[in-house]
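Hi,

Here is the structure I promised to pass on to you. Have a look at it first, and then read on for what turned up inside.

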Amino acid sequence: MKSWHAMEGSPYPMGVCYIPEEDAYNFTLYSKNAVQVTLLLFGEEGYEKPVLTFDFNPLRNKSQRVWHCRLNKSEMASARYYAYQVHGCTDHLSRLCRIDPEKILLDPYAREVFFPPEFSRSAATSPGSNIGKSPLGFILPDHEEFDWQGDHMVPHEHDLVIYEMHVRGFSRNPNAGLGKDTRGTFAGIIEKIPYLQELGITAVELMPVHQSDPQASDYWGYMPLNFFSPHKSFAANQAPAGAIHEFRKMVRELHKAGIEVILDVVFSHTTEEGTNGPTYHLKGIDTSTYYLVAEDPEHPFIDFSGTGNTLRTDHPAVQLMIMDCLRYWVKEMHVDGFRFDLASIFTRRSDGTIGEAPIFSDIATDPDLARIRLIGEPWDAQGLYQLGRSFPGISWQQWNGGFRDDVRRFVKGDEGMVGALMQRIYGSDNLFPDDLLHAYHPYQSINYVTSHDGFTLYDLVSYNEKHNAANGHHNEDGMAYNFTWNCGWEGDRDVPASVLELRKRQAKNLFMLLMLANGSPMFVAGDEFLQTQGGNNNPYNQDNLTTWLDWSRLELMQEHFAFVKKAIAFRKRHPTLGRSRFWRADVKWYGPSGAADISPASRTLAYFLSGKSVNDRDLYVMVNAGGESMDFQFMEPGPWSRVVDTSLKHPQDFLEDDQEEVRYPHYAVGSRSVAVFVR
């Protein structure tokens with residue numbers, strides 16, 4: 001007699017999996033409120049008529065809230081793809097959302113998504129069936145094999161330098177130096193690994209690579225369709241399972257180069273939007289289980305993401321989906337960590353209030369996730385801001401927007417920013433306190449001046465205003481307060497040579513302060529050669545030359561590229577900068593000729609950092625954000641060797657550690673400049 005699972009199907013694992021000993025496939029779907037579930041199998045010859053349908057018998061093919069069945073391969077005809085229909089609804093809140101029961105529904109656990117030739121987002125939005133036009137799950141080959149070649153990655157510590165990158169934008173430009181087939185793909189990243197090694201970064205943070213809707217104008221990828229499958233258009237290999245294989249190869253080769261792979265993941269919302277959005281999967285499967293909904297017929301979807309819906313992350317089924325997803329990308333795809341978009345949404349209860357977030361303890365206690373890097377964006381789109389100790393992931397790293405704003409304002413020349421700069425360089429212990437109760441680490445602060453969200457480094461010093469008209473929102477989208485200064489000339493048209501030189505110096509100042517601060521530095525791809533987006537600070541839908549890295553600037557801005565490489569190497573060479581603990585007594589703060597001046601009018605700061613406790617050399621840093629040159633006295637005895645002076649031209653702006661000894665007890669720091677010395 002066959003086993004119960006062989007006859008009825010197993011409720012675990014979720015999704016579809018092959019059972020080799022039975023030559024059969026197991027299908028599962030969670031839906032608390034469904035009355036009837038139908039599995040649809042499709043072949044390659046057509047997508048409007050399934051080759052097989054299977055109606056789940058709730059008295060045979062259901063365990064608690066999970067619908068399941070098992071089909072022998074021999075009875076599946078020529079099936080390559082699958083989807084579901086969910087009939088009926090016992091839940092009042094789901095009925096308020098006016099879900100169309102005729103829709104063909106994608107498995108949330110699908111490992112690869114197939115878009116038929118007639119795929120249509122509008123068909124998923126309009127009334128009636130979208131069969132033949134809906135995304136389908138791909139039934140993976142029976143045996144998945146990949147040669148990881150002993151893949152192993154050791155996490156970086158003091159030498160961590162994160163490079164935020166969009167897979168497509170990184171190498172899509174025809175001037176990227178790649179063949180047409182690999183531009184903008186995982187394979188393109190593999191070809192560019194020697195460049196990443198030359199630059200010196202030790203981790204890539206990939207903007208979302210989860211499958212998104214190709215018709216959603218979602219270039220950035222922050223409107224996910226499916227959490228378990230890599231975005232198909234990011235793969236040069238378009239064969240079945242080709243994207244999975246190519247992604248794995250990219251991870252393996254990056255690891256060989258000593259580079260961590262961090263995924264930017266979005267578990268706050270999906271591409272289904274609100275009431276007027278498409279019905280692809282979660283809406284039709286079980287709306288009130290997967291989304292926050294309310295007793296409001298006009299606006300039933302609660303929106304804390306700014307996209308029309310919010311995942312109900314306090315529900316056990318959603319928590320399981322997230323955990324299964326994280327485990328999949330770690331165990332099967334070998335990624336090293338995750339950056340969670342709008343991570344504060346995890347703390348939203350089903351009614352929208354703030355409360356406990358079990359997902360944090362689930363992650364912390366899972367042995368498969370014990371050593372991965374966890375980074376949170378500690379806010380949501382509706383004003384919740386939990387930066388620092390108020391964020392419930394107490395061991396997580398966090399994007400430190402305070403660092404971004406304070407460093408920008410100081411370099412710009414705003415008044416009263418010296419004290420704030422000291423706090424940020426020290427490691428932001430006001431946000432991550434190392435007192436007896438909290439014992440935070442400075443590396444938990446992800447320090448950044450630029451990211452995908454906002455101006456590039458070059459645009460930061462070239463535009464006072466955002467120029468987002470191309471996005472289609474009348475320049476009303478994007479951050480309004482950017483703390484930028486255009487150095488006296490808006491934009492790049494007919495820019496005077498003197499303004500361009502000042503911009504280059506300010507860019508060096510911003511990047512050098514990032515590399516000098518305690519914490520974990522991150523910058524966005526292209527900053528190393530001063531990529532510009534023409535002043536667009538929110539190009540989320542610009543899949544064009546606006547966002548594709550312009551590799552001609554690598555030659556045009558070769559001097560800045562050389563500076564960035566040296567700055568990264570300097571940080572990695574001096575572990576005294578990036579420590580597990582705060583500098584404490586090892587740092588002394590000064591002004592140009594005495595104690596640090598934190599008065600509103602002050603725009604200068606110096607500090608001495610002893611490296612003895614970490615077997616490193618001593619550093620002395622002088623910073624002048626004022627408009628005039630300033631003479632700084634060395635408040636610690638020498639001899640000191642000058643390494644950095646951002647006011648000087650290449651190659652004198654960055655020397656080797658012992659190349660130039662300072663002969664006098666003082667040093668003239670030019671206007672708007674940073675100077676660094678070693679002893």
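Let's start with two helices, H11 (401-412) and H14 (497-516): each supplies at least two residues of the lining of the second largest cavity. Helices (H or I, at least four residues) and strands (E, at least two) are DSSP runs, numbered from the N terminus. A cavity is a set of points, on a 1 Å grid over the protein atoms alone, where a 1.4 Å probe fits but cannot get out, and lining residues have an atom within 4 Å of a point.

This is a predicted model, in which local features need pLDDT of at least 70 and side-chain atom pairs count only at pLDDT 80 or more, while totals for chains, interfaces and linings use all residues. Residues are numbered from 1 along each chain as its sequence is written, and side-chain values use heavy atoms, leaving out hydrogens and water.

Back to that second cavity: H11 gives the largest share of its lining, 3 residues. Among the lining residues are Arg408, Phe483, Trp485 and Gln506. The volume is about 70 Å³, counted as the space filled by probe spheres set on the points, with grid points joined across faces, edges and corners.

What about the largest cavity? It holds about 200 Å³ of space and is lined by 17 residues, with His166, Val524, Ala525, Gln533 and Thr547 nearest its centre. Strand E10 (162-165) and helix H4 (167-171) each supply at least two residues of that lining.

Across the whole structure, the search finds 8 cavities of 30 Å³ or more.

Happy exploring!

Conventions: On a 1 Å grid over the protein atoms alone, a cavity is a set of points where a 1.4 Å probe fits but cannot get out, and a pocket is an open set with protein on both sides within 12 Å along at least five of seven lines; lining residues have an atom within 4 Å of a point.
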